[in-house]
Amino acid sequence: MAVAATAALAGGLLWPLAARANMTAVTISVSKADSISTCNSTGLACPSIQGAINLGETYSNAAVTIDIAAGTYNENDSITVPGSDTLSLVGSGASSTVVNGTGSGTVAEVTSGTAAINFLTLQDG
């Protein structure tokens, strides 16, 4: 069963999760077209959503937005948002951005913190 995700998690916040006055806004891109093997800079697109999440989790006092290009991403993602930070996963549209868990576990799990998942489809978890 596929679920089109357009709601915020953890606390019922609405997208987008805005940076508070003392927070830094960070945007990280994800694109299957990028061939880099690791995700270690906000200047390059990450090849996986989990790679972008891992990079986003390294920031402190930040509102992180992960912009996900259209495509199907076969992965099971775990999100741990540090402290009072926020993290938003934003797809290119529920019909064009799909996170497919391939039946091997939870597709996207927020283990702590505040996260929003918008404009993408989660399926086969």
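Residues 24 or more positions apart account for 69% of the contacts in the protein with a separation of 6 or more, a contact being defined by heavy atoms within 4.5 Å. The structure is a predicted model in which local features need pLDDT of at least 70 and side-chain atom pairs count only at pLDDT 80 or more, whereas totals for chains, interfaces and linings use all residues. Residues are numbered from 1 along each chain as its sequence is written, and side-chain values use heavy atoms, with hydrogens and water left out.

The protein contains one helix and 11 strands, these elements being DSSP runs numbered from the N terminus (helices H or I, at least four residues; strands E, at least two). Their order along the sequence is β-β-β-α-β-β-β-β-β-β-β-β. Of the 125 residues, 40% count as buried, where buried denotes under 20% relative accessible area, exposed over 50%, and partly exposed the range in between (1.4 Å probe, protein chains only).

When neighbours within four places in sequence are left aside, the contacts of V30 include C46, P47, I49, A52, I66 and I68.

Helix 1 is mostly covered, with seven of its eight residues buried, namely I49, Q50, G51, A52, I53, L55 and G56. These buried residues pack against strand 3, strand 4, strand 5 (71-74), strand 6 (77-80), strand 7 and strand 8. At the start of helix 1, a side-chain oxygen of S48 reaches to within 2.9 Å of the backbone nitrogen of G51.

In strand 8 (residues 97-100) lies T97, which counts as buried because its relative accessibility is 0%. The side chain of T97 reaches the backbone nitrogen of S92 at 2.8 Å. Residues up to four places away in sequence not being counted, T97 touches I68, A69, A70, G71, Y73, G91, S92, F119, L120 and T121.

One cavity of 30 Å³ or more is counted, a cavity being a set of points, on a 1 Å grid over the protein atoms alone, where a 1.4 Å probe fits but cannot get out, with lining residues having an atom within 4 Å of a point. The largest cavity holds about 30 Å³ of space, and its lining is formed by D77, L89, V99, A108, I117, L120 and L122. This lining divides into six nonpolar residues, no polar residues and one charged residue.

A25, which is placed in strand 3, counts as exposed because its relative accessibility is 63%; the C-alpha atoms of A25 and A62, which are 37 residues apart along the chain, are separated by 5.8 Å. G125 is found in the segment after strand 11 and counts as exposed because its relative accessibility is 70%. G125 and S104 are 21 residues apart in sequence and 6.3 Å apart in space, C-alpha to C-alpha, and, with neighbours within four places in sequence left aside, G125 is in contact with G105 and V107.

Key
1 Å grid on protein atoms, 1.4 Å probe; cavity = no way out; pocket = protein on both sides within 12 Å on 5 of 7 lines; lining within 4 Å. Points joined across faces, edges and corners; volume = space filled by probe spheres on them. Nonpolar A, V, L, I, M, F, W, Y, C, P; charged D, E, K, R; others polar. Polar contact = N/O pair within 3.5 Å; in protein donor to acceptor, adjacent residues only side chain to side chain.
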